[in-house]
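Reader: Could you walk me through this one? I'd like to start with the ligand and then move on to the aromatic residues.

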Amino acid sequence: MAQRIEKVGVLGAGLMGHGIAQVAAQSGYAVVLREVDEATLAKGIGKIEKQLARAVEKEKMSQQQGDEVRARIEGTVHYRELRDCDLVIEAITESLELKLEMWREVDEIVKPEAVFATNTSSLAVIDQAAVTGRPSQFVGLHYFNPAQVMKLVEVVRCVTSSDEAFETALEFARSEEKLAIPTKDKAGFIVNRLLVPYMLDAIRAHEEGVGSAQEIDAAMKAGAGHPMGPLTLADFVGLDTLGSICD
Ligand code: 3HC
């Protein structure tokens, strides 16, 4: 049976973290969003406020609804504010070393029954689960950029994940009106396993002079119906993140 989730902690307010926090708040959850310093936190919260203002402007939500969503998000630079979260989702830099260091600290602070989830693009979920004292309550929740728009969340079960934790994560993603697709703890899960080699091949095609960057992108948009060409998409994901995934 799924655990009850009321308060969600999000670690990292960057490209993915701010979107994950916004989606959770829009779905009615109380959210604690943690960043390393005030300036980075303000930047992430600023992005959320901009998205909400745009949604109000476009009449996708009322001013009152926008204000309510914003009020559900509490920003912090301290892990201690996460202590009573029911679910903690990490969306920090794609570095195993940094993630392990962070989980060791967070695990000491957050209540023992809480579920932990990583939004890693490609790292093994089990490696992160294993440094916590709660490997059975550890899963992957993989969102796609922009998290506010993309329908999919891959829900990753690692060898230690309990049925209850996995069910909790599936239910949570569904409660955000996402398409929750269960998958295994294999490099790249479903989407990145296919999408990352595709983006790399687009770079190789460019190197070989198969087409210019503009032509390769235009070809995939017009020929395969993709919303963005692979090279634009690589920039959109971030070449730093793409590099980390490939490594
Ligand atoms: N953040 C939040 N919302 C955004 C946004 C952003 N960065 N960019 C666009 N949007 C919203 C707009 O506000 C708009 O909302 P509305 O319909 O409510 O008005 C909606 O998305 C459509 O935006 P636009 O009309 O401006 O632009 P497009 O129709 O071109 O759509 C796109 C933009 C949704 C980004 C589209 O180009 C797309 O789907 N691109 C492919 C994205 C993709 O493949 N993402 C996956 C990357 S891989 C990944 O994330 C995995 C990781 O592990 C690497």
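Author: Some wording first: Ala, Val, Leu, Ile, Met, Phe, Trp, Tyr, Cys and Pro count as nonpolar, Asp, Glu, Lys and Arg as charged, and the others, Gly among them, as polar. By those classes, the shell around the ligand has 11 nonpolar, six polar and three charged residues. This is a predicted model, in which local features need pLDDT of at least 70 and side-chain atom pairs pLDDT 80 or more, while totals for chains, interfaces and linings use all residues. Residues are numbered from 1 along each chain as its sequence is written, and side-chain values use heavy atoms, without hydrogens or water.

Reader: Which atom of the ligand lies 3.2 Å from a polar side-chain atom of Gln51?

Author: That is a nitrogen atom of the ligand, and the pair is a polar contact (N or O atoms within 3.5 Å). An oxygen atom of the ligand is 2.5 Å from a side-chain N or O atom of Lys58.

Reader: Switching to aromatics, how many aromatic pairs are there?

Author: There are four, where rings of Phe, Tyr and Trp (its six-membered ring) pair if their centres lie within 6.5 Å, with planes under 30 degrees apart counted as stacked, over 60 as edge-to-face and the rest as tilted. The rings of Tyr29 and Phe172 have centres 4.9 Å apart and planes at 50°, so this pair is tilted.

Reader: Are Tyr29 and Phe172 buried or exposed?

Author: Both Tyr29 and Phe172 are buried, meaning under 20% relative accessible area with a 1.4 Å probe and protein chains only, whereas exposed means over 50% and partly exposed lies in between.

How values were computed
A polar contact is a pair of N or O atoms within 3.5 Å; within protein, one must be able to donate a hydrogen and the other to accept it, and residues adjacent in sequence count only if both atoms are side-chain atoms.
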